[in-house]
Amino acid sequence: MSTDHRSGGGCCPPMDLMRSEPMQLVQAIIPIESSHQTVSYLGDLGLIQFKDLNADKSPFQRTYANQIKRCGEMARKLRFFRDQMTKASVFPSALTVAHPNVNFDDLEAKLCELETELLEVNSNNGKLQRTYSELLEYVLVLQKAGEFFYTAQDSATAQHRQNEENIYSDGSIEKPLLDQEMFIDHSKQVKLGFVSGLVPKGKSMAFERILFRATRGNMFLKQAAVEDLVTDPVSGEEVAMIVFVVFYSGERAKTKILKICDAFGANRYPFTEDVGRQKQMIDEVSGKIKELKVTIDAGLQHRDNLLKTISCQFEQWNLLVRKEKSVYHTLNMLSLDVSKKCLVAEGWSPISASTQVQNVLQKAAKDSNSQVGSIFQVLNTNAPPPTYFQTNKFTSAFQEIVDAYGVARYQEANPGVFTIVTFPFLFAVMFGDWGHGICLLLTTLYFIIREKKLSTQKLGDITEMIFGGRYVILMMAISSIYTGFIYNEFFSVPFELFGKSAYACSDSSCSDAYTEGLVKVRPAYSFGVDPEWHGSRSELPFLNSLKMKMSILLGVAQMNLGIILSYFNGSFFRNNLNIWYQFVPQLIFLNSLFGYLSLLIIVKWCTGSKADLYHVMIYMFLSPTDDLGENQLFDGQKNLQMVLLLLALVSVPWMLLPKPLILKKQHEERHQSQAYAMLQSSDDGALGIEPNHASNDHEEFEFSEIFVHQLIHTIEFVLGAVSNTASYLRLWALSLAHSELSTVFYEKVLILAWGYNNIIILAIGIVVFICATIGVLLVMETLSAFLHALRLHWVEFQNKFYEGDGYKFVPFSFALLTEEEE
Amino acid sequence: MGFFVTSLIFLLVGVIAAIFVRLCCNRGPSTNLLHLTLVITAIICCWMMWAIVYLAQLKPLIVPILNEGD
């Protein structure tokens, strides 16, 4: 069944993009020694989607699990290099085209070597850096603690002197005895121990409290904040620190304090009371710091050099590793032959590519010096093939619009073909202003002209999106320039470009123009809306009536196109049931109601009749036999209406009943014939049975299911005919909103500012106008018109014919590999 | 210009565009058919748009009434 679809075009050659590429399931038996070469050549070609023949096996049970692990390891190393390079702000040089062939094993060894070297350099640097920051801290401690001692000593000697003076000045009896005792004790005093170091500022309060509690207050803490941030040697982070000195007495207190210091991550440093020693130590440490600095700089230089050599070839290695990984991943999907000498590959491939694939297989066998070539054959299958459209840079964005709704079923009519024109057109109906259109055009032309440059570099999310849809926006811009001329709006200002207005004053005084209106003196304005309507009191009623009717006419036309495409699907798949019991009644139903409405609209315009179309349409259902009276547009209208109503009523059961009944009958016939004798099985393919019914012997036939399905389909169509037509009225609403908004911005901002005759106000007015035009009209309105055009295509147009339940052809291709960057 | 003359111009533009596309990007029968379809669809859309607006103004039931402010 699947093979005889291709001839469905009939008179014409098959149209590009209308149907997805005919596919075939191919099998290749590849000798194991040339398998790697073959798969990598096929990756270059990128025209086969491999089937996973080992789906039941876990990743670890597969043949090339080990190689995949190696690739993963190499990728990890490369990621490590990339991190290191970004840290050191070394950037990988762009991919050189002429790269020498690098061996996979050599590369693995080289990467390993480089990684160890880099790690070693890093760890050395880390150690040095740590010592360096420790020394820096030490200097701080020496300075700050030195200050404590110095000031303490100063005040102590001062007090001492004062005390002594006290003693000597009044050696009276009143002098307390205890005091004297204290001074006597001076010599016997227990020597106080102390610990000095740094603690992070955030912890200092808690640190102090804990120290106080642990020693029961028998300690003295002196602290001073360091003005600048200090690098913590352990974490390498910059933190605010406090230099502290804790005085204590006794060994037990000391152990407690040391433990608390450790718990708080306080770095302790030795310190002497001796001022001379202090000076000496500061000098010593400063010398060490200088030396270390030199060593660290040299180490960093070494690392940068190393990273630079890596960066030269980084992209090439990265690409190679990713290619290798994908090759082994693909090889894992092939099944090993019983003899363990061949790999069997199965996959989908376009029929048109079979010679290319065969050539590649031969070339790979030759290049890998294999004694036996690969065997290529086409398999017969009932599985649905993937959908593959060959798009170019222009059509791909439009195809993506369609694919976003659902990927086409294999070879069904592709709405993408018409979307290329109708999508920008419906957008432009809502966005009709040739000034705005030109702005859009200039924006998108910028992207198209710089296309080559922009496609290589990384763009932001939104820019990327605009860049991807640049051709869609181009078509949208051109269409909106056209509809802008039709609506006669340039930033909402009309121009008399196509001849003279049809309207003029009735007399020279023009007094009637404000009450009765202008008089039509010439034939209708030849292209677009008459400029005289603009700003008139009757502009809105006129435009509303025009745009509402236009929406219905365009909608009915597009829905008819959708139904006609369902005919092409029916004839392509030789499904006569769908043509006679779906396409025909649907066409009749839609046109007997809304086709008739369209006809009425046109007749009303051509005759200038004052008939009320709502009334006509409503009473066509309520009392079809009544006389139309003044609402009659043409002779025989009543009879025509009755015929159309009858047709519409008949077409509903016509859609609903015959198809499931005929399917049931066909099934029973087939069942009977199978029961009596084993007849030739699939000769009845032409009768238009669903593909999956034709071949399967034990097919399930559930009449109720098919009937319910058809019932839903019918109800959806009948109700949809009404609601979809109404849905097209969004064209009217959006277009009205756009023109009203731009009028408001023009009149209430630009013209108002102009009226003040003040250059500053005018300048402000222009700025506000430009901002409002760009922000509201060009960005927001574009977005909303885009979304509404999208909806009209996805729902109102595509539900008439599009199944959209296929799956995309994703070939194994190295070209796609580079696109999916991580 | 009347309805039919302008429609004829649209038709002419369509034919010229089709010939132009056929001559300028001749890439095999399948692609040419796609191009032809696109040109026909585009011309029909443009013509419909014009024709609708033209017909609506052919015998207007209301006329422009000028605003007092003007």
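## Cavities

A cavity is a set of grid points where a 1.4 Å probe fits but cannot get out, and its lining residues have an atom within 4 Å of a point. In this predicted model, the count comes to 3 cavities of 30 Å³ or more.

The second largest cavity holds about 60 Å³. Its lining includes Val26(A), Gln27(A) and Ala28(A), together with Leu42(A), Ile48(A) and Phe50(A). Ala345(A), Glu346(A) and Gly347(A) also line this cavity, as do Val357(A), Leu361(A) and Phe376(A). Strand E1 (23–31), strand E10 (342–350) and helix H8 of chain A each supply at least two of the lining residues. By class, the lining has 9 nonpolar, 2 polar and 1 charged residues.

## The largest cavity

The largest cavity has a volume of about 70 Å³. Tyr487(A), Asn488(A), Glu489(A) and Pro494(A) are among its lining residues.

## Helices H1 and H8 of chain A

Two packed helices are described by the angle between their axes and the distance between the axes. For H1 (residues 35–45) and H8 (residues 354–367) of chain A, the axes come within 9 Å and cross at roughly 140°. The crossing is right-handed.

On the H1(A) side, the contact is made by Gln37(A), Thr38(A), Tyr41(A), Leu42(A) and Leu45(A). H8(A) brings Gln356(A), Val357(A), Val360(A), Leu361(A), Lys363(A), Ala364(A) and Asp367(A). The contact has 7 nonpolar, 3 polar and 2 charged residues. Leu42(A), Val357(A) and Leu361(A) take part in this contact and also line the second largest cavity.

## Annotated transmembrane regions

In chain A, an unreviewed UniProt entry annotates "transmembrane region" at residues 425–449, 470–487, 550–568, 580–603, 640–657 and 759–780. Residues 640–657 of chain A are 94% helix and 0% strand, with end C-alpha atoms 26 Å apart. Residues 759–780 of chain A are 100% helix and 0% strand. The end C-alpha atoms of that span lie 30 Å apart.

Technical notes: Residues are numbered from 1 along each chain as its sequence is written. Chains are lettered from A and ligands numbered from 1 in the order in which they are written. This is a predicted model: local features need pLDDT of at least 70, side-chain atom pairs count only at pLDDT 80 or more; totals for chains, interfaces and linings use all residues. Side-chain values use heavy atoms; hydrogens and water are left out. UniProt positions are given in the numbering used here, feature names are shortened, and annotations may be inferred rather than shown by experiment. Helices (H or I, at least four residues) and strands (E, at least two) are DSSP runs, numbered from the N terminus. Axes are lines fitted to C-alpha atoms, for helices over the stretch in contact, and angles run from 0 to 180 degrees between N-to-C directions. A crossing is left-handed if the near helix is turned anticlockwise from the far one by less than a right angle, and right-handed if clockwise. Contact means heavy atoms within 4.5 Å. Ala, Val, Leu, Ile, Met, Phe, Trp, Tyr, Cys and Pro count as nonpolar, Asp, Glu, Lys and Arg as charged, and the others, Gly among them, as polar. On a 1 Å grid over the protein atoms alone, a cavity is a set of points where a 1.4 Å probe fits but cannot get out, and a pocket is an open set with protein on both sides within 12 Å along at least five of seven lines; lining residues have an atom within 4 Å of a point. Grid points are joined across faces, edges and corners, and a volume is the space filled by probe spheres set on the points.
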